[in-house]
Amino acid sequence: MRWLKSAALAFLVLAMLPLPAILCLPQNSSFVHQKRYAMGTVFEIVIYDEDLPRADAAARAALDEVVRLDGMMSNYKPESDLSRMNRSAHFQPIRIPRELYEIIEESLFYSRHSDGQFDISVGPLVDLWKATLAGAPLPTTTDQASALRCIGYQKIELIPPDRIQFHSDCMRLDLGATGKGYAVDRVAEILNACGIHRAYIDAGGSTIYALGAPPGGNAWRVRLRDPSHKLGPEVMLMNNSVSTSEQSAPSSLGGDAPGHIIVPGTGKPLQTRYAISVTAPSATASDALSTTLLLLGPSKGVALVKTLHNVSAIWIDSDGQRTLAGDGVSFVLAGGDRPIDVSPLRNRVAPTSKAAKELLP
Amino acid sequence: MSRMSILCMLFLGSIAACTPVTAKVLLRVEPSPLPPADKTGIQDVVLLWPLRDLSAAAKLRSQGYRVFLQCESKDLAAAVVAAERAAVTGIIVANTARSSQPAALEPLRPYFAAHKSLTFRVLVPGGKQPQMKGRLVVERDGVLQVSSASSQPWLDTNLALVRLAQSMDPDSLPILYDFHWDTSGGLPDTWRPDAEAYEVAIAEADANRSDVTIDLPGSLQKALAADDSRAWMLWKGIMPYLDFSSHAQTERMLPVVNLGVIVEDAQASYEAINLMARHNLAFESVRPSDLTLARLSSWNSVVVFCPLNKEAVALLRNFAASGRIVIFVNTQDKFPWHSAPPLRQESGATVYSIGAGQVVELAEPVVDPENFARDLHRLIGRERSALTLWNSITTLVTGYHEQGGLDITLYLVNYADQPDNVQVQVKGRFARVRLESPEEPCCVSLPFVERGGFTEFMIPTLRITARVHLDSARESSAAP
């Protein structure tokens, strides 16, 4: 009888609680948080799961995969498949790993749709300006012209199913704008395959994928970069990704401080006052699109976003001016008196290529 | 770190000046059973005061350990009495940060003088567990994060702490610091910290040429004492690092530097200096009163974080005129070179050309230390840098040489959990480059090239730590 009374009381207490509070009650699930250095940044995975050893093993396996992909796609490592390809694909078609083929294929989609503003063949220019970032003198006009000669995604030929050839004697691909996104997608696949359904995957803050939702929540809340510090933009993610791009800050000591994002057409670092965040169903897409749309700027970028499904983009400048586009996840701006749900423009245009279909759910 | 803690650090650093060097890794343990020193590979252990039963100290002594009592300064009198009764090696004075005034520590001096049988060490506050950190803050039901452009790994290091403490009293070597372990995120039945965390902490202290007190968690101590095989598997992974660190040169070495940092208030400029360390700028810090012509001769760039007197300004003017760089941070002072128009004036930065060099004046304090350190790196440039690493953003390098000596020893620590392929450039020409590491006993010759007055070589796999000996041509024939 006493037991029945206690049970009834407990039921009453629970019944009086609002639903979100019930969801937030302590559950058996706890979390695993692992990190690993790869691709020049820190990859982090947070998994909520009731089976912690399983979650731990899944996170470990996923991060091992990121390290493997780094070994394949690094342009710092002379023995990587990318470096090997960059050394020898000028001479004859060479065979490359499936993953490398896939990421180049998807990158070419964004190159075509941005009229070459996004271009993974920008490697020689990136190297030129990267040396400057490390303290080397600014490249001369001759250096820049010489590097520009090597650029052009049209000179990349993919030969199905797994070969590639460069139609330029000095072409070098750089996967800095898509590699992390691709790796994040692979992490999500591995976690899914391991039976993990609540995970947060972060590649150095620039690309984030949310698998499911955290315990007691409907989605993972991510605050977005806001150079104005006025808008407080946020996005709620569930089974989708957000990527943020921004040019490197100007030098605090005066003088030239070239940024790390180079405009393939001019061969010079991008001048922009915007930071951009892009959501998409896959991390590869959000990663590539964030660079593409930063390079395009809001006016041309909105036009590109209109051709894609389930993609949202927000450009914010240092004064707090914002431009939104897309039909994907809504952004929330918390900088005012009360949060505003700012759904981007909803323009549905049929996908224009096979690769764009990947942006469909 | 509070301003008071820094002031106390400076004050206590001066006390420590008279203390002899004892050990490099001190293990802070509980007053409960511990395997003997010849099994753990540790020589020095620390017991926290108050200690209920002094027999714990006696037992540890009988097992081959040198025993220190660690107390707060307010407890020093009682701890000294107990220490002498228990015949321990010495006392470590901690918790100085909470003292209301540095002057309040004056009463400690008589103890140091009166108890010659005891070694006194002073713990520098503000140490942190050396590690590569992520960006996520994980809560019970979510993650806190702000997206950004892709960021470099954040490294928690103690190099800036050690360099600042050394500058406040150059004779107070070695510095002793401690930190608390971050034990979050592990599985319930795994040891936290893991072996790698101990290894990085030991390696970092070795590279900083400083002493460190490391906590041995009670559960691990108990398991080691109980001969638990998993506990011993972990500890045996750590022992090669203890051994490696114990074989470092013990002579007083001078850091290889090209950048001077003039600082009075260590707290106000701590984060900027911390990021300089993290970005491998080869620097040393001095107080304005220690700025001399001789000191300037080993630098090609200077960052000034505090007001200077006329003499110091004149020294720096001549320094810049000879083709070097001086950066004043947060200054509105009038300088002699203001009589000429600046070379450039941009938001917050005014650049003057002086002779063959330049002076950069920043009107504000450093608000973005990460950016400041990168900009400094770029401004100094490779050709002026004494040490440069390429593409090794999780590895820190420090270099040392003997006074007047041409040989250089580099200490490298990789804070990531992935082995690093490290490409190194060192100013100078050397006849031989030799590598040693816990995995690679001394020494393996490394191939190297000379280019434009620099020596370049590569360490193919740096797991956690390595020392690289660069032997000058003059002395290499005598080296083993």
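Two residues are in contact if their C-beta atoms, placed from the backbone, lie within 7 Å. This is a predicted model, where local features need pLDDT of at least 70 and side-chain atom pairs count only at pLDDT 80 or more, while totals for chains, interfaces and linings use all residues. Residues are numbered from 1 along each chain as its sequence is written, and chains are lettered from A in the order in which they are written.

View 1. Take the contacts in chain A with a separation of 6 or more: 60% of them join residues 24 or more positions apart. Chain A has nine helices and 15 strands (DSSP runs, H or I of at least four residues for helices and E of at least two for strands, numbered from the N terminus).

**View 2. Where two domains of chain A touch.** Chain A splits into domain 1 (81–166) and domain 2 (219–356), with bounds from an automatic or database domain assignment. Domain 1 puts 21 residues into the contact and domain 2 puts in 20.

**View 3. Around B:Ile91 in the core.** Here we look into the largest nonpolar core, which has 234 residues (buried Ala, Val, Leu, Ile, Met, Phe, Trp, Tyr and Cys joined through C-beta atoms within 7 Å; buried means 20 or more other C-beta atoms within 10 Å of a residue's own). A:Ile47 and B:Ile91 have the most contacts inside this core. Skipping neighbours within four places in sequence, B:Ile91 touches residues including B:Phe68, B:Leu118 and B:Phe120.

Conventions
Buried ≥ 20, exposed ≤ 12 C-beta atoms within 10 Å, placed from the backbone.
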